[in-house]
Every structure is written in C-alpha cells, then in structure tokens.
Amino acid sequence: MNRGTFFRFAAPSIIVMSLLMVIPLLMAIWLGMQFMTFANITSPQFVGLRNYIEVLQDPRFWQSFRFTALYAAIVVPAQLVIGFTVALLLDQVSKFIRGIYLSIFLLPFVIVPIVGTLMFKQLFEPSGLMAYLYQTIFDTRFYYSEMSVKALVIIHGIWYVTPFALVTYFAGLQTLSQDLLEAASMDGATRWQKIRHIVLPHVRSLTIFILLISIMDAYRVFDSVFILTQMNPIYKANTIMTYTFQTAVTVQRLGKANAMAILTVVGIMIVLIPFLIQSYKEQLEER
Amino acid sequence: MEKVKSPLGRLSIHLFLILFAIYSLIPFFWTTLQSFKTLRDANSRTPIFFFTPTWENYQTLWLRTVPENGALIAYFLMLAIVILICLLLFANYMPVRSSLIYGFVFLGFVAILWGIPRLVEVAKFYEYFINTIIVTVGTVVVSISIGCLAGYSLARYAGYAGVVILIAALGFRALPRLAFILPYYWIGSATNLLDTHLLVILTLVAVNQPFAIWMLRSFFMDIPRELEESAMVDGCNRLTAFLRVIMPIMWPGIVSTALFTLLLAYNEFLLVRLLTQTNWTLPVAISRFTGGEDPRHLTLAAAAAVSATIPIILVILFFQKNLVKGLAAGAVKG
Amino acid sequence: MQKRHLITLIVILLSGFTLIACQTDTAEVPQPTSPSAPAAQPTAVEQVEAPVDPTACNLEPPAQRTTINMIGWSFPITDYYAAELEKCSRVQNLTVNANLLASADAQEQVRLALSAGGTSPYDIVHGANAQVGEWAGVGWMMPLNDLVEKYWDEYNLGDIPQVAWEGVTIDGQIYGVPIVGNSLHIIYRQDIYDQYGLSAPETYDDVIAACNAIGLDNRDFDMPFTINLSAGWAWEIEFFQFLRAYGGDFLDANNNPTFNSEAGVKAVNRLVEVANACMGIAGYTFDLNAQEVAMQIGTLPATNMWASRAANMSDPERTVLHEAIAYAPAPRVEAGSPRAGSAWNDFYMIPANTANDPDLIFRIIMEAADDYSQRGAAEIGMTTRLSVAEFGGPYLAAAGQTVAEGIGIYDKNPAVGIVRAKLGQFLPLVGTGEMTAQEALDAAAAEYIVEATAQGYIDN
C-alpha cells in the first residue's frame, strides 16, 4: 500500500483522534495554567505554573495517590492469581459447561460500573445480605468506616476486573501446545512442575499485557469510588481521579483540576514509556 | 493439560468453580431480589428470601401511569418482539434476501421503541433508555466505520507513520478521562453542542479509537494480502477490494470490536454526566438513586440496576464467544 | 448456535408470558407521587364536557412547541412536585421534563451549566436557601418581582408566608417561589422514652442524658440518638445551626470569616460531644437514609431529622410503628439559647438566561405550587401554603415551633457558598480525631480567605 492510500484510508480516524484527543490534551495543559472557577469561567486568569506546583504540594493529592497505589497493589496481583487459577480450572471442565461458566464469570466485567457498584453497595447496606452475614459471624454491626469502605472499594475492584484476566489467560491456555505437555508427562513431570515450567513461561507475555492494562485501569478508577465513598472526606478513600473530579466540581478550582489531570498523565507516561519504546521496536521488526 | 482423574480432585474443581460463580453472581442475585420487594421487606435487617413479590418498583420507574389494558399492550409488544427475533434468527432460511430481512427487523425495533410512548404513558427512565440506545448505536457505527478503514490501512502499510500512529494511540488509550473532559466541556460550550447526542457520540468515538484501531488491525493482519491483491488484479481499486472481499471475511473480528465499543458507550458515566444536562443516559440516570436522599431509592435503585443490566445480559448470552475471542485476540497479539 | 438461540428464545417467551400473566393480577400501582384527591384520567372522549380539573395543568397551549427543562434533586415531596410539573406535558405543544439527580450532583450540574454563560439548558432550577446566595447572588437567576405581582391574586401567593419569601429575596429582588418548607427537629419513640422514664429533650444536655440512660452499647438499638454527620454538607448544616445558636455567624460585614471564633469552636466541640455520647464512631457514617429506616424499623429510639423525612414516619407502607412515633422541636444547645434548627425552604428558580418565555415558566411553576398541588403534597412533606397546613402530618407543630424559636435562615451572601464548601471539607476530620475543632476551622478559614479574595468577595 502506498503512502497516499494509507492516509486516505486512515484520515477520518486520524482527524477524529487529533481533534478530540491531541488538541484537548494541549488545551488541558494550557487550562492548567489558568486560575479558573465557575464564577470566572469565561475570563480566566493566567497564573503560569502555580497550579501545577500547588498540586504537587497538596497533601490530599498525595493521599489520594497513596490510596490509588494501594488499590493497584492489591487488585492487580489478586486478579492475576485468581484469574490464572480459575482459567486453569476451567480448562478441566467440559466444553459445554465451560461456555456457561464463562458467561457467568464475564458478567461483573461487562455491566455498567455504576450499576455494579450499586449492586455491591446494596449488599452492605444495613438491609443487605453481606451486612447480615457480617453481623452473624463477627457479632458487631457492619458500619462504614475508613477501613471498611477502603476494603469495599478494593474488593469491588477485584470482583470487577478479574474476569478480564480470567478470559485472557483462558484464551492463552488454549494455545498451549499439547505435544510439549505430553513430552513432559513422559519425562515424569508432575502437574505442579508442568505448570511452573511450561504453562507459566507460555503465558509470560500475556501476564505482562494484563499487568500493564490493569495498572493503567487502576490509575483511572472512578465510578466505583464515586458511588461507594460519596466523596466523604472521612473515609480518606479518594483516588486520583475522584480527587480531580472533586477539585473541579466541589472545590470549584477548574484550573487546578486540569493541572492535576495533566500531572496524572505525566505519571502514567513515566510508567508507560519503556513499554511504548519496546512496542515500537517490535512493530518495526514486524515490518 | 490432561484432566485431573481423581474424583476428589474433580469434585473440588467443580466446587471451586461453583463458589467463584456464586461470588460473581451474588450482587446480581441480591439486587434482583430487592427490586421485587416492597419497601418494608427490603429494609428489613434480616434478609427476607420468601416474600410477596411486587412489580411496583419497576412500574414507578418506567411508567407514569399504569394503563387500563396494560396486559393487552404487553402481550402485543411481546408478540412483536418475538416475531422480530424469529425473523432475525431464521433470516438465512427465508426466500427473501437476508440483508432485506435485517433491515426490516431493524426498522421493526425502531418502530416498537418509537411506538411504546404512544401506547403507554412512560416515565423519564424510558427516555434515558432511548438516549442510551441512540448514543450506543451511534458510537458503534461511527467508531467501527472509521476504525475499520484505519485498522486495515495500518495492517497493510509498511511505513514509519503507521508505527508512530499506533504507538501514539497506545499512549492515548492509557490516559484518564478527566484529562479530556474539561476541554471537551469547553469545546462543547464554544460550539453550542452541549447536551446533544452528537457531542457525546463524537467524544466517545474519539476516546475509543485507539482501542478500536489496535484490535481491528490485529484482526486484519490475520487476513493474507493475496486476497485483495488478486481482487485488485481483477480491476477493483483498493477501496472496492476492501469492501467486497475483506470485510465479509472480517465479520467475526468486527463483531468482537463492535461489542467492546458497545460496552464502552453503554457504560460511560463521566463523559455523559459532564457533557449533557438533560439528555442523560442510563448510568447517569441511575446515579440519581445513589445519593441517599430517600429510603425508597433502595428498591428503585435495585429495579433500575436490573433494568440497565438486562440488555447487557442479552448481549453476553448471544455474543459470548465473540467477547472471549475479542479479549483473546487483544491479548495474544500483544 | 442455532440450538442455543432457540433455547434462549423459548426461555424469553415463556418467562415473558408468565410474568405478564402475573401482572394482570396486581391492582393499580400505588403511586406515591400522585395526590389522593380525585385525579381525572385524560381520556379524549370525556374531555369536551368535563369541568376544569384543578389538579391537572390548566394552561393555554403555547403558540409553538416548547420544551421546559427542570433540574432538581429527589426526595418524596420534590418528586411529587416534579410529577406535578410534568403533568403540564399533557398540554398541547408543551413538554416539561423534570431531570432529577442526587442533591450534590444536581447542584454540580447547575454550576456547570450556568457558569459558562450562554443560554441556560434549564428553565426551572430547584434550590434551597444555601443555593440562593450562591446562584442568585451572582446573577445566574432571574428576578421574579413582576411575575409575582402579576399573579399574586390569581394563585393566592399571599398564602405563602413572608419568611419563606424572605429566604429567596436579595436586596428586594425575589428570585424564586417557595414550594417546600423544612427544618430539623426531634423525632422519637414515645413508648421507648416512657419505658426509660425520659421526656422529649429540651436542650442537648437532655439529649446526652437520654443517650446515657439508654446506653451506647444497648443491643436493642443501633445507637440511642442520631444527628446527621455523615457527609461534609451534613456537618456544615449542623455546625451552622449550633454556631448561630451560640451567637456566632459565618462571616462579618466585610466577608471576613468569623466561624473560627470561640462560638465556632464551642459549636464543633458540642457536636462531637453529642456524637460521642449518642452515636459512637459508627455514627459518623450513618447516613440519613439509614437513620430514617432505623427509626421506621424500630432500631433507633430518637433522632434529630428533617421534617420532610418526618412525613414518612406516618406512612404505613414504610413503618408499622407510626402510632408510637412522636415529634418535638429541635433542642437548644444550652438552656436559654435559640433552638438549633433553621428555617429551610426549597424554591423553584428561573435562570436568567433561559430561552423560553418566563411568563410561561412561571405559570408552570404555579401549577405545581397551587392550592391543590400543595394539598396533595402536604401528606408527604412540609408545604409552604398556610391554608393547606391542616392537611399536613403530625410533625407540623414540632417543625413550626423549631422555625419560630430557631436560628432563622441562611445568609444570602454568595461568599457563604465558599464557606460551606470549605467547612464540608474539614469538619468531618474532627470526627475521626485527625484535627481539633480549632485546627479544622482555621484551615477552612484560611482556604476560604484565599478563595474569597480571588473571587473578589474580600477586598485587600
């Protein structure tokens, strides 16, 4: 395909992405340098880098960063482990049942996050099933506190993203070569040895892929925290995204919110760039 | 791997899977139960599993007044939907061309959705449901159209520009919504497009493009170049070859990508909340019940949650294989 | 694929027909948002000869197709009014949409929508006292003096008391129509209080004594008494009441903060004292819904709660205990102080930049605020018209007394909006012990000064 045809084909997509992703990003950087609230939204005041510095010095920003990091640190490994285990187990059952299980397991991942969080929350309301079980087992009433709300957010996170890891691992397992496994059996390898030495290396690139996607998603978690915490500062369970939202809409510092969003972008890029570079090299090789 | 032989092993495998299935389903189960309870039953501290079910939550949500001949209307609608679904499933067996059938079914559904408010006095929730359908369908159609073109060209072009675009897209995919939303609001109010479906569709298409072109590209790369090259030798230009030869083969891949785009558009909360003031979609409409303003919202929220989930469940039931394939394709190709 | 689809189809069919068959047995859906007064079903056949139905929307159709959008938040009486507004959609050429969200979200939407200038997407905005200063004070809302005067007699607007109109008047300009009254007062279980030998508390000392008598660890109840400290705005509202009751105020004449004065610290410490004696750590996250439900199922002996929720206490659909529930006005912070209860109103306001005819919008609001509508609303909340007070619930006396002997209305100064936001950020941290009262108030004051100076409310 020649260059002209390429650009003709790709033009609509490129135009949409430049207009609605590149330009807004640049705008956000510029907006981050303004002092803007709802009162002066049409005539903001240029303040240079003050917003950016303010964000970096804001203790609540770092607090939300810490909780986001905690969230990622628990949810990502958990989903890898659970997803891999269940994928292995699914491999063991017959095809027909597998289909049913897959449909069931996919459900938390495909429903509207707001709805999923709402359903999750209803389990823990005073009238909820889980609250009742908690009371029967631990003999104290379940009530929302910093610990319990953070735990809820994290548990919901695991519930919500595990299907992604699960299905990806499952698909990866399907491409495992049976010959290799049979050869290993003939050499007398136990099941555990086979898993450690054949299956795990095979899914290594998958694991990296899932790891990357889920870390990126953990950075961006919003809907569930929004519903579960109702933005109450007492829980100290703000994530970066909810704190940015709060800064924009409740505290009404739009410039600062933009600055925060841009700094988050920078943070994500730092993690992402090595991977991007590697991807670039791979793509060039594939040419 | 070879199957576990011991009966104890097999038992524990099934047990574990069943437990995991329960764990996945418990929120749905409980919320569905709550949605059919009266307020007194729903608020009981001890969960009630045996109760007299009532439709009132769904009725308050969807209808303004219950019509006199409600059962008759419901039968009629059910019948119409069933006929349309039958046509859809058996399209290949009809003496008429299947594309005509698909078109007719599509028009039939549109007619039903348009006709319901004229038969029954519906509440706001129905309107939000229609908004969701418009936004979702619009996003899928536009996103897949331009995404296919871009994905195909990225799969076939060997130059640097292609790689740059791909990597840039990957980078953009990682970015949080909030980085874009305030500029979008700015753009929206400057172009006076705030609160229109168009703005929401365009922004959703843009946000979804990186994912779409990566996925479609990986599907396109699976198709050998010889196919369109032989068509071009026969005299087609690139575009015709693409449409006539490649697209029909690509159909499963397109369906997979379309599914993910559909989920993205259906589930979007933040963009819709900040860019629209009255034309809300279901996620935003449901957030009305999350503020703790009225205990009655407990059962109404449950009914709303179930109502919003049913279309998605139907989607999974019909397209589960495509979803899995899509996730797999994304993974295996990196 | 064929077989599975067929099976799914059959399942859908069967479940659909079964569910419909069940539905034919249920009676008319109990619509809590429609009035119990006889409502005429709009059947085309009888329209010609029927007398004018006062509960329907009786407006002349506008000349062109008009859509009116309202934004507000949802609790029983406002849901009722929203439904009344939407009744006007039955008028030809007119569509009225009520867009309802949770309260904080609705307020955010209004800020977003109206701050950008340009035509307002909303024609009717639901706001309470706290929003009057924030929105009308900066010019986002339209003064309604002419319309109020024009329709004063037709809709008997004198029926709405002066103090309600005061809440939405700034410098003589009326910015909205009061539709809901509200206040915070005591709701308690007469039988339980009799059992423990307690009477309705008159001051917060009595409240604490009652809590000690019932006991924080009492297994029969969630907690002995609740006030709402479950969110930033909840803290701010209670703080305001206590602050005023101790003689303090948010700002002075130059918009400098005075809420971090001695009165403010006393107010916060008193709140914490009550919370510790009566609620414990769980009380800081025990939200209003949970409190209301706890009252209704009997796990809460007493609470200081909104009158609008008191209306639900006599609803047999929600509770079997309505016979045992009694009402008392809000307690005083200490003997001799005003009652710690404010005079709240909710209003329907009209944005200044609406594209539609303000006269039409006003009349639509009136259709929702007229005698008949309020008569129906009186069952589910505290209405504003004095003439329908007799239809109200048993809590009205307590609410009325709170308003009469309480701390009055919110200041309509737009700078107060900033105060509220800052207080909402810092006050909850006092509950967890992370900050002392003075620290939290000072932090809020510091941020307020920065904000208010930048927005021009404080001259430097």
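A salt bridge here is a side-chain nitrogen of Lys or Arg within 4 Å of a carboxyl oxygen of Asp or Glu. In this predicted model, C:Arg219 forms such a bridge with A:Asp139, and their closest N and O atoms are 3.7 Å apart. Across the interface of chain A and chain C, the rule finds four salt bridges.

The interface itself brings 25 residues of chain A into contact with 32 residues of chain C. About 2300 Å² is buried between chain A and chain C, with 56% of that area on carbon and sulfur atoms. On the chain A side, the residues that lose the most area to chain C are A:Phe38, A:Arg141 and A:Ile234, which together account for 25% of what that side buries.

Within chain C, helices α10 and α18 meet. Their axes come within 9 Å and cross at roughly 125 degrees. Because of that angle, α10(C) is oblique to α18(C). The crossing in which α10(C) passes α18(C) is right-handed. The table gives the two helices with the residues that make the contact.

| Helix | Residue range | Contact residues |
|---|---|---|
| α10(C) | residues 262–278 | C:Gly264, C:Val265, C:Val268, C:Asn269 |
| α18(C) | residues 437–454 | C:Ala437, C:Gln438, C:Leu441 |

How do the residues of the contact of α10(C) with α18(C) divide into nonpolar, polar and charged? Four are nonpolar, three are polar and none is charged.

Methods:
Residues are numbered from 1 along each chain as its sequence is written. Chains are lettered from A and ligands numbered from 1 in the order in which they are written. This is a predicted model: local features need pLDDT of at least 70, side-chain atom pairs count only at pLDDT 80 or more; totals for chains, interfaces and linings use all residues. Side-chain values use heavy atoms; hydrogens and water are left out. Axes are lines fitted to C-alpha atoms, for helices over the stretch in contact, and angles run from 0 to 180 degrees between N-to-C directions. Helices (H or I, at least four residues) and strands (E, at least two) are DSSP runs, numbered from the N terminus. Angles under 35 degrees count as roughly parallel, over 145 as roughly antiparallel, 65 to 115 as roughly perpendicular and the rest as oblique. A crossing is left-handed if the near helix is turned anticlockwise from the far one by less than a right angle, and right-handed if clockwise. Contact means heavy atoms within 4.5 Å. Ala, Val, Leu, Ile, Met, Phe, Trp, Tyr, Cys and Pro count as nonpolar, Asp, Glu, Lys and Arg as charged, and the others, Gly among them, as polar. Buried area is the accessible area (1.4 Å probe) that two parts lose on being put together, summed over both.
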